[in-house]
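Here is a short note on the model, in numbered points. Please read it with the structure open.

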Amino acid sequence: MSAVLKSREREAILQSLRAGVVPRIGLEHIQVGRKEEVAAILKDLENISQGSSSIRFIIGRFGTGKSFFLNLARIVALEKKFVVAQADITPDRRLHATGGQGRSLYAELMHNLAVRAKPEGGALPSVIEKWVSDLDYELRAKGASDQEVLKTIPEKLKPLQEMVSGYDFALVIRKYFEGYLSHNDAWMTSAVRWLRGEYTTKTEARTDLAVRSIIDDLTVYEYLKLMAAFIRMAGYSGLLVNLDEMGVLSHRLNNTQARNANFEMILRIVNDCLQGNVSGIGFIFAGTDAFLDDKRRGLASYEALATRLASNSFAASGLKDLSNPVIRLANLAPEDLFVLFHNIRNVFAMNDQAKYLVPDEALKEFLNYCSKTLGADFYRTPRDSVKGFVGFLSVLEQNPGTNWKAVLGQTKIEQSKDPESEPAVNEQAAGAAISQATDQPSANDELATFKL
Amino acid sequence: MQYSPRNQVAIKERADHGGVIRLIIFVLFLLFCGILTKAAQTESINHPTASAPSKSSTPLIVGMIVLVVIVITSVRGMKKRGGRQVTLPAKPQYDSRPKVTFQFSTPRNATARLEWKGAGTTIRIGKYVITDPLTYVSDGAPAENEASCINLKLPVGRPVLESRGALGYWPEYAGISPDQRANYLSWLSTGRKEQLDDVGYAFLYFYGLERRALVDNEDIEAILTQANRLMFYYSASRSFFGYSSRFLAFVLARIGLDNLPRESFDIIFQQTLKEFDEETLAVSLAWLQHANAPLPSFLAYEVAKNDIRSSRSIVVTRIADHFRFLFNKKYESQFGVGMTLKVAARDKLIEYKPASSTLLTLKSRGFINGIRIPNVLGLSSQFKPLVDIWEECIEELKPLSREIGKGKDVDTREAYQALPEALKAEVDHPDKDKWEQFVLQNTTENNIVITRTSEIAKLCDVAERPKLTLKQSEELATTAHDVGFILVPDARTTGRVYKWDELVAMFRPDEKANIPTDKRYKAVLFMLEMGMAVAAADGEIEREEVDSILDFLKNQFILEPNDIRRVDAYKEILSQQPPDLGGVVRRLKSLLAVDQMETVCHFLVGVAAANGRIDKSEMKLLKKFYTVLGVDLSKLDSILAGFTTEVAGPVEIQKGVVTTGERIPPQATREEAVITLNEDMLRSILKDTEEVAQMLGNALEEAGDEEAVELADNTRNEPIPSDVNQIASETQFSGLDRRYYPVLIALLQQNEWTKDQFQELARQNGVMPAGMFEEINTWTDETYGDFLIEEGTTYRINTTISGRIK
């Protein structure tokens with residue numbers, strides 16, 4: 001990875017950290033520690049690029065850096081010529097459902113599909129065009145006509161046709177290229193729409209693209225495998241699927257049946273990946289420790305998964321076993337936090353020591369200040385302190401000549417709430433609850449409780 | 001009595017019938033009462049003066065009493081049944097849904113004896129004649145519960161076609177429908193090998209075998225044979241295969257490892273068992289260890305496969321045959337007949353999980369206990385070499401797996417080239433016949449084919465181009481090697497690409513040829529080139545001169561026989577196509593430091609003097625070499641001076657004839673200036689050649705690698721229009737696919753592009769916009785550290801990057 005900090009990376013990093021979210025780019029500039037964990041992910045990526053598959057559960061307490069780690073894996077994967085699909089699980093975007101939530105997750109994954117040149121997502125057309133364009137170029141060099149190229153597409157995609165829905169997939173790719181050749185944008189858009197899982201009825205898909213199937217709740221996983229195979233054919237190293245906020249499945253779904261159905265899907269993925277039934281695809285699921293360990297609602301409640309994901313009993317007293325699919329993110333040590341602040345200061349100064357806004361002493365002071373304000377949570381959840389530190393440096397940057405000590409005295413760090421303490425969603429009422437949430441202010445909304 | 005659903009149904013049926021009868025009586029009675037009352041009313045109308053009402057009301061009173069009795073009886077009856085309504089159907093229902101039946105006790109009237117019908121007996125049930133049945137039968141409901149028992153009293157229907165799973169999970173002969181019984185008996189009577197719609201029938205039969213072997217402990221031999229047969233025929237069902245294989249393993253362990261002869265072991269474990277689980281593996285290994293027999297390769301494969309240290313890879317399943325073959329080959333080459341097994345200190349306990357629900361009950365009551373056998377798997381360290389072989393196989397077969405994954409067939413050229421060497425030796429190259437024919441038609445008398453690269457390229461379907469790419473060049477050499485020939489020069493060794501009509505030589509090696517890795521070989525080739533350049537300097541290459549150079553090199557360097565033949569072949573090429581002196585010098589200058597040049601020059605003098613003299617043209621050439629390589633000419637003079645013995649010059653002998661006057665004697669014929677060599681000096685120079693060879697070998701190796709990288713970068717695709725090709729050779733575009741050169745040049749012309757313009761630009765250049773965007777941005781990110789094109793409502797060009805590219 002390049003160590004040069006680009007200005008767009010600087011802005012993205014600071015903007016995201018200020019908002020308490022993980023930046024999508026430039027994470028390598030602020031990454032601290034997690035050496036073994038990153039090495040494990042790198043090994044996984046290497047295996048995937050060799051045609052294998054992998055699965056990882058990133059488990060950690062709220063705010064310990066799961067999302068950060070997930071994004072870091074995404075960036076590393078992009079560097080290694082992977083295609084990355086990333087999404088957050090929500091009550092209306094799940095691995096298994098019957099009311100369109102599964103398809104919705106697939107659509108989100110495809111919408112966020114990223115390649116190195118399009119790290120922010122929306123790379124599905126790029127992936128298709130890379131494959132089609134290579135084929136087109138190869139055939140035209142041999143003097144093939146438009147029709148011959150079109151005819152060759154399904155032949156070349158024959159390996160995919162052996163998979164579920166592979167035939168329709170090949171037809172849609174062909175339609176995309178046909179649209180390109182005939183300057184018919186509608187066909188190209190329809191093809192991309194179909195591949196993103198945005199068709200809700202078969203009739204509509206048949207009218208637009210002459211295919212008989214669509215991507216629906218039941219075929220989401222099959223299409224992910226299909227997409228992974230296609231991506232490999234297009235010359236990428238593989239497909240990495242990152243799913244964050246997995247705790248929603250365990251603690252926001254009240255319906256046991258719905259929860260178990262999702263766990264079954266996870267089990268299927270785990271089995272496929274560990275048994276080598278799938279190729280060129282990797283999954284990283286991030287969730288809180290309750291998602292994994294809660295014996296009443298978490299994965300531990302599902303016996304088959306509990307045994308597969310059980311930690312190695314020998315990996316105790318500080319030892320790690322990264323061959324297990326579960327990676328537990330340990331809390332950051334004070335030294336790690338110091339380095340993190342140091343890195344953030346570097347980002348502000350664009351790696352120019354002469355432009356440091358505060359001396360090292362200020363970093364230590366800030367650590368002490370956070371420790372006093374946040375107590376033990378300071379180490380467990382660096383999010384709040386990082387947010388505070390970025391705010392602290394922002395003030396100093398915008399007010400040159402200000403004494404940092406004075407600013408530090410005025411800085412307030414607020415502790416954020418654990419989202420999993422929010423009430424669970426009833427399966428049947430999930431849809432209604434979501435729509436209501438957008439219309440009515442919730443009980444926690446400050447405006448609703450505003451008093452003079 | 002314990003709970004039995006069937007008994008309960010019977011009771012409920014009776015209760016239900018009683019209620020219906022009472023209801024009918026009650027309705028009849030009401031009708032009767034109605035008629036009597038009507039009659040009484042009619043009578044009172046006809047005789048209004050009658051004063052004895054008792055006569056007309058008597059039937060009504062009687063009716064009321066009967067009604068009360070009936071109601072009381074009914075209520076009592078209902079109380080006895082707990083007040084529930086009986087709704088269960090009287091007749092058992094057979095549907096296609098799987099159902100689970102537990103019956104822990106026999107029916108009340110089950111008294112018939114459970115009888116085993118073994119080998120040599122025959123059962124006749126209706127039209128079905130079953131020979132050697134190996135099953136239980138009973139003449140009525142059996143006193144002992146056994147799912148597989150054929151109750152001869154039960155009705156048998158006609159065979160029917162059914163959906164899979166119609167029998168249910170734990171089928172019982174007594175519980176299946178008459179038609180299903182017909183299916184079962186038909187299958188039994190036709191040898192128990194016909195195709196089954198539902199493997200449940202095989203399971204039903206298997207339950208009997210289980211009981212006989214594990215509970216009665218009889219007829220073991222016949223049962224093992226039968227179970228083995230069933231496993232063979234119905235292994236498509238993983239469930240049946242699993243149960244039957246574990247059954248075999250358990251029974252074998254139970255009867256004792258001594259009691260199984262080798263041939264039976266082979267039949268069961270080598271011929272029938274397709275897959276092994278921990279138990280079957282444990283028993284087979286225990287048997288081998290007990291018999292002190294080596295581990296055969298097929299079991300070594302299974303051990304490695306089941307070892308948790310072995311990687312799970314798509315390679316193993318995608319190209320299973322290749323994988324197994326390679327594994328066996330490696331195992332046999334490492335362990336010969338097989339590794340000797342050792343056993344862990346503690347025995348292994350083998351537990352049996354019966355397939356039959358009847359036996360499950362018996363097991364829970366302690367009828368079937370586990371067996372302890374020597375624990376070979378427990379000493380896992382002895383299997384580490386197997387895991388290593390497993391991993392090696394995965395690594396070596398990954399290229400082939402990738403080709404197959406791309407949709408290539410195993411008998412294509414690409415798939416062949418991806419094979420590991422060990423497997424290549426086992427199969428012929430798909431193009432072998434074509435090559436053989438070509439060699440047959442073009443072989444010269446010394447068994448060498450001298451031909452043009454173009455001819456070889458055609459054999460590999462390489463399209464014509466002025467220079468082949470490095471990949472194509474290497475492919476030619478590899479294919480030649482794969483079909484059993486050696487191509488000289490070998491692009492894999494030299495790192496240089498072939499020109500389209502360059503001369504190459506090909507010959508069939510005496511023994512298995514490898515890619516020459518000896519640095520001395522490379523040096524010899526280069527020295528041969530230099531020597532030939534020197535030898536050709538006088539305008540023609542004399543055969544004698546060439547041979548002397550060759551002999552000199554062969555004597556100086558001890559090469560492999562195939563390498564010697566390679567050098568001979570190269571000599572033939574150079575004889576027909578002498579090397580360009582300028583080219584040789586340029587290469588030397590690029591490879592060697594200034595001080596190393598002097599050593600090389602020293603060596604060249606030795607080469608020139610190899611025929612015992614240095615003639616004028618060679619002298620001229622040596623001087624040229626010294627000048628071109630930047631070595632002081634005086635050093636050449638000093639070497640030559642060291643070589644030279646005292647030169648007396650031409651000797652003129654005059655006759656001592658005294659005559660008048662003196663005749664001028666004719667001048668003796670003078671040879672050209674010849675330097676006679678100092679042998680000692682020559683030997684010392686020749687010793688230096690080893691040093692030169694080492695030096696050249698190292699330098700050539702490094703240069704070859706660099707050249708390979710460079711060429712790989714530049715050979716991604718076919719030619720592009722000439723003006724762009726010009727740019728292609730420049731470094732700033734290196735690494736980018738050539739087809740994007742024109743579009744990149746165009747993009748750099750303006751800083752902002754609308755979406756339409758961008759798409760139009762892509763179309764004009766025959767590429768697709770999103771693909772182009774990705775390709776160019778990935779390249780600039782890799783090469784210049786940032787993206788060139790920024791996407792928004794328009795496409796903006798990053799001027800910092802464009803400036804750097806320009």
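1. Start with burial. A residue is buried if 20 or more other C-beta atoms lie within 10 Å of its own, exposed if 12 or fewer, and partly exposed in between, with C-beta atoms placed from the backbone. Helices (H or I, at least four residues) and strands (E, at least two) are DSSP runs, numbered from the N terminus. The buried residues of α4(A) are A:Gln101, A:Gly102, A:Arg103, A:Ser104, A:Leu105, A:Tyr106, A:Ala107, A:Glu108, A:Leu109 and A:Met110.

2. Provenance and numbering. This is a predicted model: local features need pLDDT of at least 70, side-chain atom pairs count only at pLDDT 80 or more, and totals for chains, interfaces and linings use all residues. Residues are numbered from 1 along each chain as its sequence is written, while chains are lettered from A and ligands numbered from 1 in the order in which they are written.

3. What covers α4(A)? The cover includes β2, α5, α9 (185-195), α11 and β3 of chain A.

4. Chain A overall. The chain has 21 helices and five strands. Of its 452 residues, 45% are buried. Two residues are in contact if their C-beta atoms, placed from the backbone, lie within 7 Å. Among the chain A contacts with a separation of 6 or more, 69% join residues 24 or more positions apart.

5. The sheet of chain A. Two strands pair if DSSP finds at least two bridges between them. Five strands make an open sheet in the order β2-β3-β4-β1-β5 (chain A), and the pairing is parallel. β2 (82-88) and β5 (326-328) of chain A are the edge strands, each pairing on one side only. From one strand to the next, the twist averages 15 degrees. Seven bridges link β2(A) to β3(A) (residues 238-244) in the parallel sense. A:Ala85 has A:Val241 of β3(A) as its bridge partner.

6. A helix on that sheet. Axes are lines fitted to C-alpha atoms, for helices over the stretch in contact, and angles run from 0 to 180 degrees between N-to-C directions. Helix α11(A) (residues 220-233) packs on the sheet and touches β2, β3 and β4 (281-287) of chain A. Its direction makes about 140 degrees with that of β3(A).

7. A helix pair in chain A. The axes of α2(A) (residues 35-49) and α3(A) (residues 66-79) come within 11 Å and cross at roughly 40 degrees. Angles under 35 degrees count as roughly parallel, over 145 as roughly antiparallel, 65 to 115 as roughly perpendicular and the rest as oblique. The two helices are therefore oblique to each other. The contact is made by A:Glu37, A:Val38, A:Ile41, A:Leu42 and A:Leu45 of α2(A), with A:Phe69, A:Leu72, A:Ala73, A:Val76 and A:Ala77 of α3(A). Ala, Val, Leu, Ile, Met, Phe, Trp, Tyr, Cys and Pro count as nonpolar, Asp, Glu, Lys and Arg as charged, and the others, Gly among them, as polar. By class, the residues of this contact are nine nonpolar, no polar and one charged.

8. The interface. Chain A gives 26 residues to the contact and chain B gives 24. On the chain A side, the elements with two or more residues are α5 (124-141), α7 (158-161) and α13 (256-275). α5(A) gives the most, with eight residues. The side of chain A that touches chain B has 11 nonpolar, nine polar and six charged residues.

9. A sheet in chain B. Three strands form an open, antiparallel sheet in the order β8-β10-β9 (chain B). Its edge strands are β8 (448-452) and β9 (486-488) of chain B. Neighbouring strands are turned by 25 degrees on average, direction ignored. Helix α18(B) (residues 470-482) packs on the sheet, touching β9 and β10 of chain B. Five bridges join β8(B) to β10(B) (residues 503-507). B:Ile450 has B:Ala505 as its bridge partner in β10(B).

10. A hairpin in chain B. β2(B) (residues 122-125) and β3(B) (residues 128-131) run antiparallel, joined by four bridges. B:Thr122 is bridged to B:Thr131. Two residues lie between the strands, and B:Gly126 takes a positive phi near 60 degrees.

11. One residue to check. B:Thr800 lies in helix α32(B) (residues 799-805).
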